[in-house]
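Student: Could you show me how to read a protein structure, one feature at a time?
Tutor: Gladly; let us open it and begin with a single side chain.

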Amino acid sequence: MKTPLSQKTGFFAEYYLKLKDQAGASCESDIAKLADCKSDEERVAYVEQLPWVQAGDANLLVNQEFVGKNADLAAEIKGRATVAFKDKKWLEAMMLYTRSYMALPRENVAEIRIVLANRSATLYHMQKFQECLIDIRRALDLGYPKDLIYKLYERQARCYLALKDYPQTIEAFKKCITSMDDSTLASDRRSKLNLDAMTMIKMLQSDPRTAKQEVKQQKRKIALDQAQALPLENEIVSPLVRIDHNRQEGRFAKAAADVKAGEELLVERPFVSVLLEKFAKTHCENCFVRSVVPVACPRCADVIYCSEQCLKEAAQKYHTYECGIVPIIWRSGASINNHIALRIIASKPLDYFLKIKPTIDEKLKPEELLKLSKDDFRRVAQLERHQSERQPSNFFQHVLMARFLTRCLQAGGYFGSEPKPDQVQAICSMVLRSLQFIQFNTHEVAELHKFSSTGREKSIFIGGAIYPTLALFNHSCDPGVVRYFRGTTIHINSVRPIEAGLPINENYGPMYTQDLRSDRQARLKELYWFECSCDACIDNWPRFDDLPRDVIRFRCEAPNNCAAVIEVPPSCNDFMVKCVTCGEMTNILKGLKVMQDTEMMTRTAKRLYETGEYSKALAKFVDLIRIMYEVLAPPFPDFCESQQHLKDCFLNLGNVYVLD
């Protein structure tokens, strides 16, 4: 059973164990009385009044901390960066300048602009010209010293020249010439730089491409020296998807019409998302994009942003209340699910939750839920929580975690300068509710890590998120879809045909191709509290390595719509085979020809994949799956391999990081 204390490291687990020791003989009986509580409000109120819990609050003090901002530390790191720069260790210098920038307090503007300018110099040597331009713009915006500003304009001109942006190159060289009037350059050095700049200006002004570029730039809305956040994608729920409900399966997705392999069924942005601590200094906290030239939070040194836009969005939504609190959450040992619960609340003002709270238990049909606005708390509040199956001890742990997270919100200023106890308790109950539905409804956000030298690929878990529509999809150990990510936006595409009326199932982790049925069932029972009844579990399909290679599984083509599978050895010389289920004859010649044709198609698709032509390879694998599925019945090795290749193609269209 997954609980908030499943992660045993961190001070929260120590607090919990110490609390139970202090409770003495009444501990278990006090916890058992939670069984009499009928709502989350009652559970929070009950635990709140326990004397031994109140006494233990002295061990759970939460205060904002900003230890990462330190001018002396920033100066020391900057010194190391300068040494690395002089040694032409560009990557090391760039990373150290970033660390120095992150550590600088916001009032140290003079130091910040120098560090950004220095980082731009390393980026120029790394031939990261657009990133260099971004840092130059930031240094200029912060009022870079006039006597040195000519250096930035010259570097800016060289970057634009490398990017073949001639109008901007001319403009930057002109600024370089003008700004030398404020410099302390020696006259010979100034004359040479002036001559070089004038020569480049005249040459580019006579280049016919310059005039053409000027016309294009008048239409261009995005400047090269402005960091851009990842564009928001349009969310879609395909008309092929219908959300249904029944007593046995709960809410689930099914095909409203026949679904072909490769169809895009869902594109959804997260209700909230949280980055893992491990990636907090490499990825944007807001959109999960890797950033070479990150923007620092003005107050804390715990997170980065890819752009000023993401910094602003995060501050307006949640970071205002998490700033200075994030290190405490990490140090507590709280899981990413716990952090998601906190962020759900931090993303909306207090008044919003107090107003909506009375309505969250009003049962809504699937179609009513889907009509709610994307950021309506009820979209997630009514997801499965398995309340009736929870033991008092489980509720107790969740209440303690909810109290801790609420204290974090309070320390971050969520309740204002004078928190009202009834409001704090109301929010605590909503955090408790969130912890329960998050347990069964979160998704890992992934990034594909590639090693170009070896061709090895691995999908890496970088954060967690909750997707209200996708959370309504049920599980299968033989899923009909694959998911991939662009930033935090999730894309769901089919990986095999799905007939109208059949479920569109995703996968919660265990796959029949990799895990034994007993292991899958045990894992799903532990993490999600249900027994899987997918085809792979009912028929106990073998793992991929154990799939028989000495039989071909043909579909019965009898006119009576027989759904049986006819297993035939490859050595069979008969073209007409009798179905043992319906007694009708099936012509397997078409299926044998398909097996021959797919060999050539597979080689072509793999070659396209290996050369990085993922869209073309994807189309080939879609054709392969369609052709095989018409006459052959899974599971069989060739089909599994084609499905995996199709999934790999989709993953390469999402978050990708090449390590070498």
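Student: Is Phe396 buried or exposed, and why?
Tutor: This is a predicted model, so keep in mind that we are reading computed values. The general idea is to compare the relative accessible area with a cut-off: under 20% counts as buried. Phe396 has a relative accessible area of 1%, so it is buried.

Student: Which aromatic residue pairs with Phe396?
Tutor: First the general idea: a pair of aromatic rings is described by the distance of the centres and the angle of the planes. There are 21 aromatic pairs in the structure. One of them joins Trp52 and Phe396, with 5.7 Å from centre to centre and 45° between the planes, and such a pair is called tilted. The two partners come from distant parts of the chain: Trp52 belongs to helix H4 (residues 51–56) and Phe396 to helix H19, 344 residues apart. Trp52 counts as buried too, because its relative accessibility is 8%.

Student: Which residues form an aromatic cluster?
Tutor: Phe11, Phe12, Tyr15 and Phe404 make up one cluster of this kind.

Student: Where does the charged end of Arg43 sit?
Tutor: Look for a charged end placed over the face of a ring. Arg43 has its charged end over the ring of Phe395, 3.9 Å from the centre of that ring. You can find another case at Tyr352, where Lys348 lies over the face at 4.5 Å from the ring centre.

Student: How should I read a helix such as H19?
Tutor: Start from the general idea: an α-helix has 3.6 residues a turn, so residues three or four places apart point the same way. Then look at the span. Helix H19 covers residues 392–411, which is 20 residues, and reaches 28 Å from its first C-alpha to its last, close to the 28 Å expected at 1.5 Å a residue. Of its 20 residues, 16 are buried, so H19 is largely enclosed by the rest of the structure. After H19 comes Gly413, which has a positive phi near 90°.

Student: How many residues of H20 are buried?
Tutor: In H20, 18 of the 21 residues are buried, and the helix is mostly covered. H20 runs over residues 421–441 and reaches 30 Å between its first and last C-alpha, close to the 30 Å expected.

Student: Which strands pair with E8?
Tutor: For strands, look at the direction of the partners and count the bridges. E8 pairs with strand E9 (residues 456–466) in the antiparallel sense over ten bridges. Within that pairing, Ala446 stands opposite Phe461 in E9. Four residues lie between the strands of this hairpin, and Gly455 takes a positive phi near 80° there. With strand E16 (residues 656–658), E8 pairs in the parallel sense over three bridges, and Lys450 has Val658 in E16 as its bridge partner. E8 itself, residues 442–451, is mostly covered, with eight of its ten residues buried.

Student: In what order do the four strands of the open sheet lie?
Tutor: The order is E1-E4-E11-E10, with antiparallel pairing. Strand E1 (236–237) and strand E10 (481–486) are the edges, since each pairs on one side only. E10 and strand E11 (residues 489–494) are joined by six bridges, and Arg483 stands opposite Ile492 in E11. Helix H25 (residues 637–651) packs on the sheet and touches E10 and E11, and its direction makes about 20° with that of E10.

Notes:
Residues numbered from 1 in each chain as written. Predicted model: local features only at pLDDT ≥ 70, side-chain atom pairs only at ≥ 80, totals over all residues. Heavy atoms only, no water. Pairing = 2+ DSSP bridges. Helix = DSSP H or I, 4+ residues; strand = E, 2+ residues; numbered from the N terminus. Contact = heavy atoms within 4.5 Å. Axes fitted to C-alpha atoms, helices over the stretch in contact; angles between N-to-C directions. Expected span 1.5 Å × (residues − 1). Buried < 20%, exposed > 50% of the residue type's maximum accessible area, 1.4 Å probe, protein only. Phe/Tyr/Trp six-rings, centres within 6.5 Å; stacked < 30°, edge-to-face > 60°. Lys NZ or Arg CZ within 6 Å of the ring centre and 35° of its normal.
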